[in-house]
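Let us walk through a protein model step by step. Keep the structure open and follow along.

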Amino acid sequence: MGYYEGMIIKMPENAKIILDTMHEAGFEAYVVGGCVRDALLGREPMDWDITTNALPQDTKKLFRRTIDTGIEHGTVTVMMGKEGYEITTYRIDGKYEDSRHPSEVTFTKNLTEDMKRRDFTINAMAYNEEEGLIDKFGGVEDLNNKLIRCVGNAHERFSEDALRIMRAVRFSAQLDYSIEEETKAAIKELAPTLTKISAERVQVELIKLLESDHPEKFMDLYDLGITGVILPEFDACMKTGQNNPHHIYDVGTHTVKSLGYVGNDKVLRLTMLLHDIGKPRTVSTDQNGIDHFHGHAALGMKMAHDIFRRLKFDRETMDRVCNLIKYHDDRFPAEPKNVRRAINRVGVDDFPLLLDVKYADTMAQSSYYQKEKLAEISEIRTLYDKIMEENNCVTLKQLAVGGKELIGLGIKPGKQIGDILNAMLKDVIDEPSHNTKEYLLEPERLKNVFMKEHEQGEEHEKTSSDN
Ligand code: ATP
Ligand code: MG
C-alpha cells in the first residue's frame with residue numbers, strides 16, 4: 001500500500017492543543033516539514049514543527065511559556081511541559097548571499113509561499129486535522145516513488161543554499177530513496193559551491209548519512225562530485241587499486257562496503273570511512289606486482305586527525321576514531337595474555353569496537369583466508385568477554401596496589417612511582433593471579449623486580465642516543 005493524501009496523521013496531544021489554541025484565536029496553523037514526512041512514513045518524528053500565519057508576538061500572547069528561539073526569522077518555541085514546539089511564521093526567504101544565509105526574511109500570509117522555500121517535495125507538506133494533508137508540490141507522489149526532488153527549480157534551490165546538496169544525499173541514505181534526475185544534475189553542477197558552507201553544518205549532514213541504514217549511499221557523494229570538495233582524500237582511495245590476495249576492490253569501494261558491516265554508530269562508521277585513508281600515500285608494488293601498504297594505519301591516523309580538524313569534529317569522536325584507525329590492522333594471537341595486552345593498549349572501552357572494525361574490514365575483503373580471519377576475531381571476542389567477566393586487571397585502576405601504598409613504604413613520589421606501578425601492571429596482565437598486595441609488595445620482589453625496571457629505564461634514558 002502506498003501513501004495517499006487522505007491519510008490521517010496521529011500527532012502528540014500537545015501539538016493538537018497548540019493547533020487548536022491557534023485556530024480558536026483565528027489563525028491558520030499546521031504541523032509541517034520533517035514531522036509530516038516521517039509520520040506518513042510511519043517513522044517516529046523527532047520534533048513536531050508548526051507553521052502559522054500568526055506573527056511571533058501573536059503566538060507569544062497565546063501561550064504561557066515561550067522562548068524567543070529566532071524571533072527575527074519568525075520562530076518562537078512554545079513549552080508544553082518538558083516538550084518544546086517550534087512555531088514559525090509563514091515566511092519567504094529573501095535573497096541568499098554566498099549560497100548560505102538568506103540576508104533577510106519576509107513574513108507572508110500565504111502557506112504556499114512558505115512551502116516554496118523548503119528544500120524537497122517530501123519536506124514541503126503541511127497537515128492539520130481540519131484540512132488534512134496540504135501537498136502542493138507532489139510530496140506524496142515522491143514518497144510513493146521513493147524520490148528526493150527539489151521544490152521548484154533544482155538549480156535555483158541549490159544556488160540559494162548549498163547545504164541542500166548534502167541534505168539530498170543524506171535523506172536518500174536515511175530513506176533509501178533515489179535522487180530525481182534533474183535534482184541530481186543540479187547537484188553535480190553545484191557541488192563545488194559546498195566550500196561556502198560551514199564545516200559544522202556539512203559535518204552534521206555527513207554524520208546523519210553515515211549513521212543511516214544505508215551508509216553505502218556514501219558512494220553517491222563521490223559519484224556526484226561532493227567528496228571531491230569535502231573529502232578529496234576519499235577520491236584518492238577510489239583511484240588506488242589493491243592488487244593482493246586479500247582484496248577484490250579498490251580502496252574506496254572496499255571502504256564503502258565496510259561501512260555496511262558495522263552497526264549505525266557514529267564512531268564505528270567514521271572509523272570504517274577513514275580506516276584505510278592512508279593507503280593511497282603508502283602504496284608500493286613489489287617485483288611480483290603485489291601491492292603493499294606499509295604504515296598505512298599510522299599515516300591514516302594522522303590524516304584522519306587533519307580531516308577531523310578541518311571538518312570541526314569534537315575532540316572525543318576524533319580521539320576514539322583515530323585510536324581505532326591506529327590499531328585496526330594489528331594482529332595478535334587469540335590467547336588470553338595477548339588479548340589482555342591488546343585491551344590495555346587499545347583501551348577497555350574501545351577494544352570491543354576494534355573487534356567490530358576488524359570484522360567489518362574482513363567482511364569487505366576477498367574470500368582468501370576470510371573464514372580463518374573471522375574465526376580468529378570471534379575467538380578474541382570470546383576471550384575479551386571472559387576477561388571482562390572475570391574482571392582481570394588490564395588497567396592501573398584495577399591494580400591491587402596504588403601510589404599511596406608505595407609512598408607509604410617510603411618510595412619518593414614522582415616518576416618512580418609510575419614506573420613501578422606500570423611494571424606491576426605488566427606482570428599482572430601476563431599473570432592475573434599476581435594481582436594481590438601480598439605478591440606485588442613482597443619486599444624482595446618489589447626491590448629486585450619492580451624497582452629494577454625503573455632503574456633500567458633511567459639507565460636507558462642516560463645512554464639512549466636515538467634522538
Ligand atoms: P530531520 O529528520 O533531520 O529533523 P527535517 O526535514 O525535519 O529532518 P530540519 O532541519 O529539522 O529537517 O528542518 C525542518 C524543515 O525545514 C524541513 O523538513 C524543510 O521543510 C525545512 N528546511 C530545513 N532545512 C532547510 C534548507 N536548508 N533549505 C530549505 N528548507 C529547509
Ligand atoms: Mg526536524
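This is a predicted model: local features need pLDDT of at least 70, side-chain atom pairs count only at pLDDT 80 or more; totals for chains, interfaces and linings use all residues.

Begin with the whole chain. The chain is divided into domain 1 (13-145), domain 2 (153-230), domain 3 (234-389) and domain 4 (396-456). Now pick out domain 1 and domain 3. Their C-alpha centres lie 44 Å apart.

Next, find ligand 1. There are 14 residues around ligand 1. Those that come nearest are Arg37, Asn123, Asp161, Arg164 and Arg170. In Arg37, a polar side-chain atom lies 2.7 Å from an oxygen atom of ligand 1. Asp161 faces a nitrogen atom of the ligand instead, with a polar side-chain atom 2.8 Å from that nitrogen. Arg164 has an N or O atom in its side chain that is 2.7 Å from a nitrogen atom of ligand 1.

Thr121 sits between helix H4 (111-116) and strand E10 (125-128). Is this residue buried or exposed? Thr121 is buried, because its relative accessible area is 1%, and the cut-off for buried is under 20%. What touches it? Leaving aside neighbours within four places in sequence, Thr121 is in contact with Phe137, Gly138, Gly139, Asp142, Arg149, Cys150 and Val151.

Now turn to helix H13 (residues 251-259). Eight of its nine residues are buried, so H13 is largely enclosed by the rest of the structure. The buried ones are Val251, Gly252, Thr253, His254, Thr255, Val256, Ser258 and Leu259. What covers them? The cover includes several helices, among them H9 (199-210), H10 (218-223), H12 (232-238) and H19. Look also at the start of H13. There, a side-chain oxygen of Asp250 comes to within 2.9 Å of the backbone nitrogen of Gly252.

Finish with helix H20 (residues 370-389). It has 20 residues and spans 29 Å from first C-alpha to last, close to the 28 Å expected. Its buried residues are Gln370, Lys373, Ile377, Ile380, Leu383, Tyr384 and Ile387. They cover an arc of only 150 degrees around the axis, so they are on the same side of H20. The buried residues of H20 pack against H18 (336-346) and H19 (351-363). On the face turned away from the buried side are the exposed residues Lys371, Thr382 and Glu389. After H20 comes Asn391, with a positive phi near 55 degrees.

Notes: Residues are numbered from 1 along each chain as its sequence is written. Chains are lettered from A and ligands numbered from 1 in the order in which they are written. Side-chain values use heavy atoms; hydrogens and water are left out. Helices (H or I, at least four residues) and strands (E, at least two) are DSSP runs, numbered from the N terminus. The expected span of a helix is 1.5 Å times one less than its number of residues. Buried means under 20% relative accessible area, exposed over 50%, partly exposed in between (1.4 Å probe, protein chains only). The arc is that of the directions from the helix axis to the C-beta atoms. Contact means heavy atoms within 4.5 Å. Domain bounds come from an automatic or database domain assignment. A residue is near a molecule or strand if one of its heavy atoms lies within 4 Å of it. A polar contact is a pair of N or O atoms within 3.5 Å; within protein, one must be able to donate a hydrogen and the other to accept it, and residues adjacent in sequence count only if both atoms are side-chain atoms.
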